[in-house]
Amino acid sequence: MSTIAVTSRSTRRGHVTEGIVFTLFRTGTYFVLLCATYIFLDIGIKGGQTVFQKAAPFVNLTFLTEPPQTLYVFDYQGKKMELSDRQFREWKTTHKEEVEVTSVSYSAGGIWPCIVGTALLVIGSMTLALFIGISCSIYLSEYSRDGRFIRLIRVAILNLAGVPSIVFGLFGFGLFVIFFGWNVSLLSGWFTLGLMVLPAIITASEESLRAVPQGLREGSLALGATKWQTIRKNVLPYAMPGILTSSILGIARVAGETAPIMFTAAYAMRDEMPWQVPHWTNFFFQGVMALPYHIYVVSSKIPQNEYTERVQYGTAFVFLVVVMLIALTSILLRERQRRRLSW
Amino acid sequence: MVSLVEMPPETLTQQVPRQNDRPVDETDGATVMIDVRDVDFAYGGNQVLHDVTLEIPPQAVTAFIGPSGCGKTTLLRCINRMNDLIENARIIQGAIYLGGTDINSPKVDVVDLRRRVGMVFQKSNPFPKSIYDNIAYGLRIAGIGKRSQVDEAVEKSLRGAALWDEVKDRLDEGALGLSGGQQQRLCIARALAVEPDVVLMDEPCSALDPIATAKIEELIHDLKKQYTIVIVTHNMQQAGRVSDYTGFFYLGRLIEFGTTSKIFTNPSERRTEDYITGRFG
């Protein structure tokens with residue numbers, strides 16, 4: 001009798017604990033979901049008002065295809081006028097009256113140069129990081145033999161992963177911008193961002209390489225393949241989907257970080273587009289505008305009002321879409337590679 | 001003739017029968033394809049082969065038998081230097097000759113060696129590519145890229161591995177869609193495609209059902225007309241069925257080596273007899 005009672009009490013306690021723990025986990029998950037939904041809805045609704053419009057073509061093309069301009073706001077004959085820099089100058093040629101004008105920086109026009117700049121930064125730095133990262137991971141997982149030196153390298157890579165992005169920014173500023181004399185440029189930004197995501201890419205690539213069964217390496221070597229032939233034809237292709245998955249996360253990080261580029265690559269405002277350079281070599285040595293830096297500038301560097309909020313949310317919205325699109329491309333690329341493998 | 005301490009002389013001096021009409025080049029000692037002499041082998045400080053000496057004749061099937069951990073697979077992997085991949089694993093004494101050449105000499109290119117000595121692994125390892133690409137792999141890395149030439153070699157190897165009729169209509173399908181037995185025969189075909197002299201087989205049937213095993217054994221029987229085959233097996237009956245010569249290993253030593261009929265019916269060593277009759281192992 002007594003044993004049964006004891007068992008049932010402890011069982012009941014077990015059930016209560018089970019219930020509490022389960023509720024805790026579920027609440028945690030719902031909390032994350034709630035936060036994410038709020039953020040996406042907030043940016044989607046407010047940003048959507050800037051990016052989309054009621055009349056055809058329903059998308060605010062000006063916002064997506066033009067560089068930022070100063071917005072001029074004034075009352076004229078009882079009507080409220082909101083004109084961009086260019087429109088205001090045209091308006092002035094026909095209207096000679098003096099008006100009291102409020103000017104709001106960056107709040108007219110669009111963010112096209114920022115979209116282009118971010119795309120260029122992502123493409124360049126990811127190419128660089130994947131090239132160095134894959135080389136490094138191939139060395140670590142396929143060629144190197146375990147020893148003190150290799151362990152030291154691994155510790156260094158882990159430490160690199162923990163370095164805050166602002167420190168990468170300062171490092172890039174010191175090394176690339178000043179010491180190498182590249183100035184604030186795409187090249188400096190590529191290297192700084194590339195170094196920042198390098199540890200993540202090395203670690204993930206190495207995992208992917210190690211996940212390729214040893215039997216495939218031995219099978220290839222036993223057929224008289226050299227080590228490099230084996231890696232190139234029978235190891236790397238199978239590791240590529242995993243490497244690309246890791247690079248998706250890298251893309252989001254590279255596209256999103258402001259700190260590393262604010263000293264090395266980003267301009268608050270630039271009139272020329274990146275391809276408007278006198279000579280093709282100048283392409284690498286020009287600063288660009290970038291979406292995260294633009295958000296930073298319009299949210300904290302200029303006086304705030306209703307007009308700046310439109311740009312902030314609009315930019316954030318476009319930024320999310322751009323990152324999603326780049327990630328999607330990467331996912332499609334991975335799926336195509338996976339299909340080719342016929343696992 | 002190198003003599004073995006533990007082996008009665010008659011097993012060594014046994015006349016090696018010529019298996020077929022391949023012209024014999026007297027200078028390279030055609031009755032010995034692979035000559036293993038006094039080999040000591042160690043993984044780091046752990047010596048796993050002790051003074052192994054044996055001569056593997058050409059165009060015959062030689063089986064290595066023995067309980068787990070006796071060193072038979074290690075010796076097999078020495079023959080195509082697969083052990084080079086393992087850190088600190090090395091032959092500490094003795095040498096292995098393939099057709100009279102020391103395979104560990106610095107002059108020997110390990111890539112060439114492995115092209116001459118093919119290998120089939122215990123766990124079948126078809127590449128996650130199409131059936132065609134699996135077979136063509138060895139040719140392509142050897143620099144043979146001409147479509148007609150590769151086509152021909154693919155068909156020939158698949159026929160050689162008795163797989164052609166089963167897969168000829170789906171050469172472009174993934175090799176991983178094949179059954180376990182077919183996958184293993186694909187691996188054999190892949191090894192044959194580069195036209196090796198020797199095929200090493202490391203327990204090729206250990207993961208297969210009896211029907212697939214029978215097919216592979218039949219295949220091995222056909223292959224010995226052209227190739228020198230060395231097979232490691234746990235399965236005593238299999239060794240008895242497929243091999244012409246058998247070496248019995250125990251605790252890193254070659255206990256006895258001779259024709260299969262001799263080893264199985266009239267072994268000279270007590271331990272061989274105990275193992276074969278199932279008293280241990």
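A residue is buried if 20 or more other C-beta atoms lie within 10 Å of its own, exposed if 12 or fewer, and partly exposed in between, with C-beta atoms placed from the backbone. Helices (H or I, at least four residues) and strands (E, at least two) are DSSP runs, numbered from the N terminus. Ala189(B) is in contact with Ile135(B), Ser157(B), Leu158(B), Gly160(B), Ala161(B) and Leu163(B), leaving aside neighbours within four places in sequence. Contact requires that the C-beta atoms of two residues, placed from the backbone, lie within 7 Å. In soluble globular proteins, nonpolar side chains tend to be buried together.

The model is predicted: local features need pLDDT of at least 70, side-chain atom pairs count only at pLDDT 80 or more, and totals for chains, interfaces and linings use all residues. Residues are numbered from 1 along each chain as its sequence is written, while chains are lettered from A and ligands numbered from 1 in the order in which they are written.

Chain B has eleven helices and ten strands. Of its 281 residues, 44% count as buried. Among contacts in chain B with a separation of 6 or more, 69% come from residues 24 or more positions apart.

Strand S1 (residues 34-43) of chain B has two antiparallel partners described here. Seven bridges link S1(B) to strand S2 (residues 46-56) of chain B. Strands pair if DSSP finds at least two bridges between them. Asp35(B) has Glu55(B) as its bridge partner in S2(B). The hairpin of S1(B) and S2(B) has two residues between the strands, and Gly44(B) there takes a positive phi near 60°. Eight bridges join S1(B) to strand S4 (residues 89-98) of chain B. Arg37(B) stands opposite Ala95(B) in S4(B). In a regular strand the side chains alternate between the two faces of the sheet.

Helix H2 (residues 72-79) of chain B is mostly covered, with eight of its eight residues buried. These are Lys72(B), Thr73(B), Thr74(B), Leu75(B), Leu76(B), Arg77(B), Cys78(B) and Ile79(B). Arg81(B) follows H2(B) and has a positive phi, near 55°.

In chain A, three strands form an open antiparallel sheet in the order S2-S1-S3. Strand S2 (79-84) and strand S3 (101-109) of chain A are its edges, each pairing on one side only. Neighbouring strands are turned by 25° against each other on average, direction ignored. Helix H3 (residues 85-94) of chain A packs on the sheet and touches S1, S2 and S3 of chain A. The direction of H3(A) makes about 120° with that of S2(A). Axes are lines fitted to C-alpha atoms, for helices over the stretch in contact, and angles run from 0 to 180 degrees between N-to-C directions. Strand S1 (residues 68-76) of chain A runs antiparallel to S3(A), joined by six bridges. Tyr72(A) stands opposite Ser103(A) in S3(A).

Chain A is divided into domain 1 (69-109) and domain 2 (112-341), with bounds from an automatic or database domain assignment. Their C-alpha centres lie 41 Å apart. The contact takes five residues from domain 1 and seven from domain 2 of chain A. S3(A) gives the largest share of the domain 1 side, four residues.

Between the chains, 18 residues of chain A are in contact with 23 residues of chain B. On the chain A side, helix H8 (214-222) and helix H9 (227-234) are the elements that give two or more residues. H8(A) gives the most, with six.

Pro274(A) lies in the loop between helix H11 (259-262) and helix H12 (291-300) of chain A. Pro274(A) counts as partly exposed because it has 18 C-beta neighbours inside 10 Å. Its C-alpha atom is separated by 6.9 Å from that of Val288(A), 14 residues apart along the chain.
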